[in-house]
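Dear colleague,

I am passing on to you the structure below, together with some notes on what turned up when I went through it. Please read the notes with the structure open beside them.

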Amino acid sequence: MNRLPRKMSQLLLVLAFFVVALPASAKLNAFACEPEWAELVREIGGDKYRVFSATNAFQNPHFIEARPSLIAKVRRADLLVCSGAELEIGWLPLLLRQSANPNIQTDKPGYFMAAMQVSRLEIPQHLDRSHGDIHADGNPHVHLDPLRLISIAKKLSQRMAAIDPDNSAYYSLRFKLFRRQLNKQLNQLAPLIAQLEGQKVVVYHKSWSYLLDWLDMTAVADLEPVPGVAPSSSYLVKLLKQIRQQKPAFIMVAAYQDQKAAKWLAKKSGLPLVVLPYTIGGNDSSNNLVELFADTLEQMVQQGLN
Amino acid sequence: MKYRSYSLLVAALGTATLASSALAADGKISSNQFNPAISLILDARYTDLDQTELELPGFQLGGEAGLPEKGFSTGHNELTISANIDDRFYGSLNTAIIYSNGETEIELEEAYIETLGLGSGLTIKGGQFFSGFGYLNGIHDHAHDFADTPLVYDALFGGHLKDTGVQLRWLAPTDFYLLLGAEVTSGSEYPSGENADNNKGRTLFAKTGGDFGVSSSWQLGASYYQSKFDVREAGGGHHHGGEEAPEADNELLNGEVDVSGIDFVYKWAPNGNGKQRNFKLQAEYLIRNEKADAEFTEDSNSAEAAYDGEQSGYYVQAIYQFMPSWRVGARYDAIEADNKISSFVDNGVDQDEFLEESGLGAEGKPNRSSVMVDYAPSHFSRLRLQYSKLENGHGEKDDQIMLQYTMSLGSHGAHSY
Ligand SMILES: [Zn+2]
Ligand SMILES: [Zn+2]
């Protein structure tokens, strides 16, 4: 009978050992909901941060499980960087509550919602679920507008300075370097930007609104009948008719999105299908944010306009 | 193009007001914005079955154990109101509105507060809540994958193990997931019963889990519950969902009960994208031990006995979403009882009648096989068709068909793993 308590205390000792023996590293822990924010933390936080990304470029960040491994990661985060604006509403609130972590609760310095740092497009006039899975705070997919991205990067560097004041000069310097690099790249891309201006496209989900807004392009059709709902075959037929009238230049989808419907539409309409990385790691040539913009614009021009 | 000139772009960045264009929210503040999240679940069904009462030999049923009504009925219409109370507390109220036998009942399912970011991995919950025991126990009926609860949950917990008290959870600061929890509760709810101190319930649970690559994740849990009671009333072996106990008095006195369980969940989705296709395998095994003085009284006749029972059961279920919105699932569940009766005293009720009427006589092993298909056009609506073959342990079989909808209105909180 007294075997059990002894085993229990042995187990507790082993546990205590794990807890105490964890490497006491000086690095801060960041938990990013999406790869673009993980990369931004790397850009600004440099070697001061250890970054974990909850999703990769091939995962749909709207629909992630609040799984045990993520709870364990949030538990130890000093900084949480997500899109916000309800993008992660299906899983992030649970992670926050279950993590018991005071650093990253709403309105704590460690709680950084990128989309909430800038103005947002598509804020619904009224909320009605018959319009699909709409976000009350507007479109959360903000990172593909370089202007907003730079603005977010600046706010993030300020937030990092607030959390870790000793290194505030470091974060501010890294922000300036990032801004310079990105602007340099955008200047190089100016000829491509000029070609894309005014073009009409077919999109999949509201993932592209900010990119299109920045490039002065228009989405004339969406493969999703309403946000968050996969296209049905009857809807696709309707879409095909619409496309023939509107004459868009190409169809653009993100690497993580299901491409079956898009392929069908491309074949039927004869429009080029451009599969874009959408975020860091979406293809081999988008390993950081600067590369992501270069690759996105190059592909849109080379595959979409030729 | 709006921001074509990059020198202009860079200049604009200096001004913090860049972001606050006309597109920002209008900044109106109304008292409404502090309203908590309100979520309403509508649940109704059509059931085709032969039996009208759930009979599980060897189990004194309690709580909400029972069969749905024959024909048309509404199920658990759940109203949940929840919010962060302030920066320290979260609160939630969950009530079920149930209509049966001509009466509308409002049943309090949960009413609790919980600390937010207390630190050191600790969370304290207080109030009435579904226990952290097991896996399915904490999940509200509307989020279950079948139209009914596994037999083992019906038989051992009366649906859910829920009680009033406090819960302490500790999440270990490890790279892998390890959660330890303890509860002290009134112990007055089934499978326990009234006790003078109203504090006899104790629960311990541990959960661990992780990922296998990007496509799979799992969770494993172990739980233990124990309580002592002065009196537990039971409806005997026959139990009508929501109906009053028969006129006879069937009770356990000076009892002790404990339940141990293990649970396992495995989830798979190609590359972690559950929207298109996903698979879930889930299993739980529970054992209950109870000891008490059993008393059965009908009119002026009665019987008494010392009762020592061990009951166990399990379910295994698999759910596969093969395309967006469509899922199929299969479940097998079985329970069995091993009850010992001694020191029998016959005051006009003989032992056979006592065993039959008290629900403590154990013969047969009830089991059930179920298959279901459901269609969820969005995260907020679901239609389900389920077929079950229930074998009640007396050799009687019942084919049950259920057609059910569960719809969610208003804000819909995230679902736990
Ligand atoms: Zn979205
Ligand atoms: Zn739900």
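**Around the zinc ion in chain A**

The side chain of H62(A) makes a polar contact with the side chain of H141(A), at 3.3 Å. Please bear in mind from the start that this is a predicted model, and that what follows was computed from its atoms.

Both of these histidines belong to the zinc site: the protein donors of the zinc ion (ligand 1) are H62(A), H141(A) and H205(A), each through its NE2 atom and lying 2.1 Å from the ion. Along the sequence the donor residues follow the spacing H-x78-H-x63-H, and H62(A) and H205(A) link distant parts of the chain, being 143 residues apart. H62(A) is found in the loop between β2 and α3 of chain A, while H205(A) sits in the loop between β5 (200-203) and α8 of chain A.

When neighbours within four places in sequence are left aside, H62(A) is in contact with L87(A), W91(A), H135(A), H141(A), H205(A) and Y256(A).

**Where chain A meets chain B**

The contact between the chains takes 58 residues from chain A and 57 residues from chain B. Together the two chains bury about 5,000 Å² between them, and 57% of that area is on carbon and sulfur atoms. In chain A, the residues that lose the most area to chain B are R75(A), R97(A) and L147(A), which together make up 15% of what that side buries.

Across this interface the rule finds 5 salt bridges, and one of the pairs to look at is D211(B) with R67(A), whose closest N and O atoms are 3.0 Å apart. There are also 12 residue pairs in polar contact across the interface of chain A and chain B, counting pairs in which both residues have pLDDT 80 or more. The elements that give two or more residues to the side of chain A that touches chain B include α1 (3-21), α3 (68-75), α4 (92-99) and α5 (146-163) of chain A, and the largest share, 6 residues, comes from α3(A).

One of the contributing elements, α4(A), is mostly covered, with 6 of its 8 residues buried. The buried residues of α4(A) are L92(A), L94(A), L95(A), L96(A), R97(A) and S99(A). Just after α4(A), A100(A) takes a positive phi of about 60°.

Side chains of opposite charge can pair when their charged atoms come close.

In chain B, E107(B) forms a salt bridge with K162(B), with the closest N and O atoms 3.5 Å apart. This pair links distant parts of the chain, as E107(B) is in strand β6 (residues 103-115) and K162(B) in strand β8 (residues 162-171) of chain B, 55 residues apart. E107(B) counts as buried at 15% relative accessibility, and K162(B) is likewise buried, with a relative accessible area of 15%.

A second pair, R327(B) and D145(B), has its closest N and O atoms 3.1 Å apart. R327(B) lies in strand β16 (residues 326-347) and D145(B) in the loop between β7 (122-130) and α2 (151-157) of chain B, so the pair ties together parts that are 182 residues apart in sequence. Both R327(B) and D145(B) are buried.

A further salt bridge, 3.2 Å from N to O, joins the side chains of R382(B) and D374(B). Here R382(B) is partly exposed, with a relative accessible area of 22%, whereas D374(B) counts as buried at 0% relative accessibility. These residues belong to a network of salt bridges that links D145(B), K280(B), R327(B), D374(B), R382(B) and R384(B).

**A glycine in chain B**

Finally, G309(B) has its place in strand β15 (residues 301-323) of chain B and is buried, with a relative accessible area of 2%. G309(B) and F59(B) are 250 residues apart in sequence and 9.3 Å apart in space, C-alpha to C-alpha.

With best wishes

Terms used: Residues numbered from 1 in each chain as written. Chains lettered and ligands numbered in written order. Predicted model: local features only at pLDDT ≥ 70, side-chain atom pairs only at ≥ 80, totals over all residues. Heavy atoms only, no water. Contact = heavy atoms within 4.5 Å. Buried area = accessible area lost by both parts, 1.4 Å probe. Salt bridge = Lys/Arg side-chain N within 4 Å of Asp/Glu carboxyl O. Polar contact = N/O pair within 3.5 Å; in protein donor to acceptor, adjacent residues only side chain to side chain. Helix = DSSP H or I, 4+ residues; strand = E, 2+ residues; numbered from the N terminus. Donors = N, O, S within 2.8 Å, 3.2 Å for Na, K, Ca; no water. Buried < 20%, exposed > 50% of the residue type's maximum accessible area, 1.4 Å probe, protein only.
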